Amino acid sequence: MSNTSLIYRTVGKNKILQINHAKFTAELSLYGAQLLSFKQTEKPPILWCSNSAVLDGTKAIRGGVPICWPWFGPSKDGKAPQHGYARITFWEIANLESNQDSVTILLHPAETIVGTELTLSVRVTLGNNAKIELITQNPTEVSHPITQAIHSYFSVDGIEHTQIPSLSDVEYIDKTQQSKMNTEHQLNVDREIDRVYLFSQPKLELIDSKRSFTISGTNHDSVVVWNPWVEKAQSMADFDSTGYKNMLCIEMANTSPIEIPPSFEFVLSQTFG
Ligand code: BG6
């Protein structure tokens, strides 16, 4: 038995589930199947969400853990939404299990996700840490490609001092420099950062001026690191003007297309805390 409390609130067309558990508190938006907050008991919040994020189900939510699927970045023809449809789809809870250690929530789309014949389920497991799994299945008879990302916005204290030592000297594609390849000995977030690190190792450490925690992943081909810095943040209506000082996106991703064969299941995951 566990003393988990589950409270729904409605924001416009959206429903947000507040979960209170002995080990953590969290909020999960059914629009986007998006974890919005995760705070382990007696620890600071792990995720960042913009104060001006739109929560009513009319726009992708700026913060927490958006899901980029069935593509990451711009669509092929540039006409469909950036980062795909999963984050702007309404989802429903297919199963929720709770015990004294954790709460596991399985979400299915409540409407068809357009743009692909593949299907996606999202599993969120919250306890001592938080784990997000994107479970892609191919119910068709031919293979289909996807790119994808678990686009976590982490809350950081002192962005200029924030470090990810595992990415030192790792090659990255610099999206702010026409996709030029580069390396940096020590990550230095003092300007806009938009990088695809070619890093498929299972673990990295995020260190800010007050704490450190582990971010791990499975089945990713890269790790995307993003901070919009001043001007880009100001150009986004849903990004607090000084919010860039307190956030860093670190995203387990498959930025190169992967083919999902018929009857196959592919799971991308990210765990943090
Ligand atoms: C990152 C991309 O993953 O997401 C950036 O690498 C992009 O290029 C950022 O700007 C935010 O995207 P969006 O669509 O949520 O504004």
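Strands here are DSSP runs of E with at least two residues, and helices are runs of H or I with at least four, both numbered from the N terminus. With that in hand, Ser155 belongs to strand S10, which covers residues 144-155. Bear in mind that this is a predicted model, where local features need pLDDT of at least 70, side-chain atom pairs count only at pLDDT 80 or more, and totals for chains, interfaces and linings use all residues. Residues are numbered from 1 along each chain as its sequence is written, and side-chain values use heavy atoms, with hydrogens and water left out.

**The sheet**

- S10 is part of an open sheet of 7 strands, ordered S5-S10-S17-S16-S13-S11-S12 with antiparallel pairing; two strands pair if DSSP finds at least two bridges between them.
- At the edges sit strand S5 (67-68) and S12, each pairing on one side only.
- S5 and S10 run antiparallel and are joined by 2 bridges.
- Cys68 has Ala149 in S10 as its bridge partner.
- As background, strands of a sheet pair through backbone hydrogen bonds, either parallel or antiparallel.

**Two residues to look at**

- Ser155 has a relative accessible area of 18%, so it counts as buried (under 20%; exposed is over 50% and partly exposed is in between, with a 1.4 Å probe and protein chains only).
- Setting aside neighbours within four places in sequence, Ser155 is in contact with Pro45, Ile46, Leu47, Trp48, Asp208, Arg211 and Asn246, where contact means heavy atoms within 4.5 Å.
- Gln177 sits in the loop between strand S11 (172-174) and strand S12 (180-182).
- At 41% relative accessible area, Gln177 is partly exposed.
- Gln177 and Arg195 are 18 residues apart in sequence, and their C-alpha atoms are 9.6 Å apart in space.

**The ligand site**

- Around the ligand you'll find Arg62, Phe72, Gln82, His83, Arg87, His151, Lys175, Asp194, Val224, Trp226 and Glu251, each with a heavy atom within 4 Å of it.
- That shell divides into 3 nonpolar, 3 polar and 5 charged residues (nonpolar: Ala, Val, Leu, Ile, Met, Phe, Trp, Tyr, Cys and Pro; charged: Asp, Glu, Lys and Arg; polar: the others, Gly among them).
- A polar side-chain atom of Lys175 lies 2.9 Å from a ligand oxygen atom.
- For the side chain of Gln82, an N or O atom is 3.0 Å from an oxygen atom of the ligand.
- The side chain of His83 has an N or O atom 3.1 Å from an oxygen atom of the ligand.
- Taken alone the ligand exposes 390 Å², and the protein buries 86% of that (Shrake-Rupley areas, 1.4 Å probe).

Technical notes: A polar contact is a pair of N or O atoms within 3.5 Å; within protein, one must be able to donate a hydrogen and the other to accept it, and residues adjacent in sequence count only if both atoms are side-chain atoms.
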